[in-house]
Amino acid sequence: MTVVLNQSFTGISIGAVLLLIALGLTLTFGQMGVINMAHGEFIMAGAYTTYVLQKSISSAGVSLLVALPLAFLVAGAMGALLEWLLIRRLYTRPLDTLLVTWGVSLMLQQLARDVFGAPNVQTAAPDILTGNISAGSVTFANNRLFILGLALLCVLGLTLILRFTPLGRRIRAVVQNRDLAEVSGIATGQVDRITFFIGSGLAGVAGVALTLVGPIGPTMGTNYIVDAFLVVVVGGIGQLKGAVITAFALGVLQSVLEYSTTVSVAKVVVLVAIVAFLQWRPQGLYTLRTRSLA
Amino acid sequence: MSGLSISRRGLLAGISAAGATAALSACGAKTGSDTSSGSAAKADTSGSTVKVGLLNSLSGTMAISEVTVHNSLLLAIKEINASGGVLGKKLKPISQDGASDWPTFAEKAEALITDDKVAATFGCWTSASRKAVKPVFERYKSLLFYPVQYEGLEESPYIFYIGATTNQQIVPALDYLKKQGLTKLYLVGSDYVFPRTANKIIKAYAKAKGLTVVGEDYAPLGSTEFSTIVNKVKGAGADAVFNTLNGDSNVAFFKEYKSAGLTAKSLPVLSVSIAEEEVKSIGTQYLDGQLTAWNYYETTPGAANKKFVAAYQAAYGKDKPTSDPMEAAYISVYLWKAMVEKAGSFDVAKVKAASDGIVFDAPEGTVTVDGATQHVYKTARIGKVGSDGLIEEVWNSGKPIKPDPYLKGYSWASGLS
């Protein structure tokens with residue numbers, strides 16, 4: 001029973017990490033249809049923001065809290081710049097976008113290597129996040145609880161923005177029918193940039209969270225980018241709900257399989273399951289009913 | 001609106017195309033041209049300088065480790081040149097970037113041998129890169145000096161193995177654990193040749209010497225999700241964890257280990273791929289008190305090491321640590337120099353013949369070259385990570401251990417290889 005509970009928590013915490021890294025992508029890839037291979041490097045930018053901040057603010061707790069909004073702005077600005085410089089010229093050519101952003105991702109990695117050095121850097125986690133809470137024989141790692149909370153908070157925030165704000169209405173309008181939105185007086189270019197800003201900013205937030213569990217290095221983004229795309233594709237393009245369910249489902253599946261087999265086997269089985277699922281439901285878990293999105 | 005539409009098939013095709021490009025470039029790097037195969041490449045030693053090749057990953061995922069090895073090689077070459085060179089000739093280092101890509105290593109090795117006509121090559125880190133260049137050096141009958149501890153079971157006539165083989169690192173580490181009464185081991189490693197081979201040896205040892213392996217887990221290289229593995233470790237009732245993870249995975253593993261409430265006191269981890277540089281990048285607070293197995297630490301006593309550490313930090317920065325593979329790289333150039341001088345020639349066959357019994361006062365202590373295996377006698381050292389990020393030795397083998405890459409001298413290992 002202990003094992004089951006411990007593993008369930010593990011699965012949920014893996015799911016929270018997946019959700020956090022995929023959340024930004026549900027906007028840029030899911031809503032806008034831009035395949036941004038440099039998304040992982042925005043995660044890296046968020047992580048390095050934490051690192052730089054911690055060098056100037058010695059308190060690990062304060063620097064982590066400041067890092068969250070700051071990383072959002074840094075990564076968001078990088079995303080908006082990328083959109084303005086390159087991606088908006090390539091909206092009609094998705095495969096070119098893929099190659100261009102892949103190139104950008106390699107350049108950003110090299111840039112990080114030149115600025116921060118090739119070796120990984122480290123940040124100190126606040127003491128409160130390095131411990132754990134035990135309930136009976138079940139242990140909940142505090143950093144995992146923090147990430148879970150952060151992921152849910154981000155989902156909540158994003159949902160509120162998309163549902164209830166004028167900006168959210170405009171974003172949804174552009175996604176559902178760009179031409180109609182444009183003739184209704186929505187500045188679609190501007191909406192694109194803001195959407196891209198938010199999506200990339202969320203990657204930055206994910207980067208801050210990942211400093212608590214993983215390495216911070218120039219290539220850290222590549223560790224996560226494939227998983228992020230998987231979550232969005234399986235969840236269904238353009239659907240927040242789908243991404244949330246998929247992230248947690250994949251997390252639990254992964255942890256159950258890892259426990260009963262090995263990590264490598266679990267990865268293979270999860271991929272096979274995803275391929276099989278997409279054969280059955282190529283549109284993903286949830287779809288937005290429009291005429292153009294696949 | 002059609003502009004935004006994108007089909008899933010198109011996306012997957014695009015992503016797999018990107019993957020295929022990488023794979024293709026891998027296939028494209030065929031080693032060896034037909035015309036020159038079989039013939040020994042003649043090193044060019046006619047001028048007043050002699051070229052030596054440095055083959056390290058200066059970019060890509062392995063750059064983190066290999067750049068430091070490259071630095072120590074350059075340091076050794078600089079020192080040798082300052083004291084008059086080798087046989088009166090100055091050394092001219094030719095650096096090639098292996099780019100963390102194994103076929104590229106083979107390609108660059110060939111360029112060093114046939115275009116630059118180097119007298120010897122120093123470098124490679126991963127076993128995969130060494131396996132990729134091995135046929136190249138054997139075909140051209142040129143020498144490679146390999147500076148990293150590895151999984152053993154190899155004796156190429158054209159490679160000198162300056163890092164530890166298994167009986168100089170893993171076997172002494174097991175002896176140490178056994179002596180400490182830590183008899184129930186959990187094996188955690190990255191999923192590739194070194195950890196799998198190492199664990200095969202550990203299991204054979206355990207069976208013969210009454211240790212128990214209570215669990216064994218592998219994570220793909222680069223994996224950063226260790227919550228399940230740590231859960232399994234925690235529930236397995238082990239006395240110690242034997243860690244053969246490599247690279248970034250260590251960071252995620254030790255962060256998870258700490259947040260699960262495990263410490264060096266409650267369940268010690270002995271690692272064979274974590275040196276001073278890695279301690280720095282993982283974070284000392286996650287490694288405090290954990291064990292490592294190497295042949296050299298920055299803190300190893302002796303005048304030779306004091307001199308090496310001072311020279312390295314003067315050249316590359318006060319805060320730069322020195323580590324075992326860096327030290328092995330550093331001494332590899334000196335060992336080659338000693339062989340050449342004993343042979344009185346740069347000729348590969350003569351250098352090989354002269355190698356047996358070369359003694360060098362290295363930072364790690366006195367090392368002796370074993371001509372038969374082309375390995376080096378090394379002292380095994382177990383260290384404990386301190387809160388200052390340095391590793392303090394807690395045990396050593398007392399004297400240099402004779403290299404035994406095929407573990408022929410160990411009866412329990414007869415079933416291996």
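Trainee: Hi! Which residues of α1(A) meet α9(A)?
Mentor: Hello! This is a predicted model, and in it A:L20, A:I21, A:L23, A:G24, A:L25, A:L27, A:T28 and A:Q31 are the α1(A) residues that meet α9(A). On the α9(A) side, the partners are A:T195, A:F196, A:I198, A:G199, A:S200, A:L202, A:A203, A:A206 and A:A209.

Trainee: And how does that contact split by class?
Mentor: Between α1(A) and α9(A) there are 11 nonpolar residues, six polar ones and no charged ones.

Trainee: Is the crossing left-handed or right-handed?
Mentor: The crossing of α1(A) and α9(A) is left-handed.

Trainee: Switching topic: how many residues of chain A are in contact with chain B?
Mentor: 48 residues of chain A, and they touch 45 residues of chain B.

Trainee: Which helix of chain A gives the most to that side?
Mentor: α1(A), with six residues. Others that supply at least two residues each include α4, α6 and the strand β2 of chain A.

Trainee: What classes make up that side of chain A?
Mentor: There are 22 nonpolar, 22 polar and four charged residues on the side that touches chain B.

Trainee: Last one: is α2(A) mostly covered or mostly uncovered?
Mentor: Mostly covered, with 14 of its 18 residues buried. Helix α2(A) covers residues 39–56 and reaches 27 Å from its first C-alpha to its last, close to the expected 26 Å.

Conventions. Residues are numbered from 1 along each chain as its sequence is written. Chains are lettered from A and ligands numbered from 1 in the order in which they are written. This is a predicted model: local features need pLDDT of at least 70, side-chain atom pairs count only at pLDDT 80 or more; totals for chains, interfaces and linings use all residues. Helices (H or I, at least four residues) and strands (E, at least two) are DSSP runs, numbered from the N terminus. The expected span of a helix is 1.5 Å times one less than its number of residues. A residue is buried if 20 or more other C-beta atoms lie within 10 Å of its own, exposed if 12 or fewer, and partly exposed in between; C-beta atoms are placed from the backbone. Two residues are in contact if their C-beta atoms, placed from the backbone, lie within 7 Å. Ala, Val, Leu, Ile, Met, Phe, Trp, Tyr, Cys and Pro count as nonpolar, Asp, Glu, Lys and Arg as charged, and the others, Gly among them, as polar. A crossing is left-handed if the near helix is turned anticlockwise from the far one by less than a right angle, and right-handed if clockwise.
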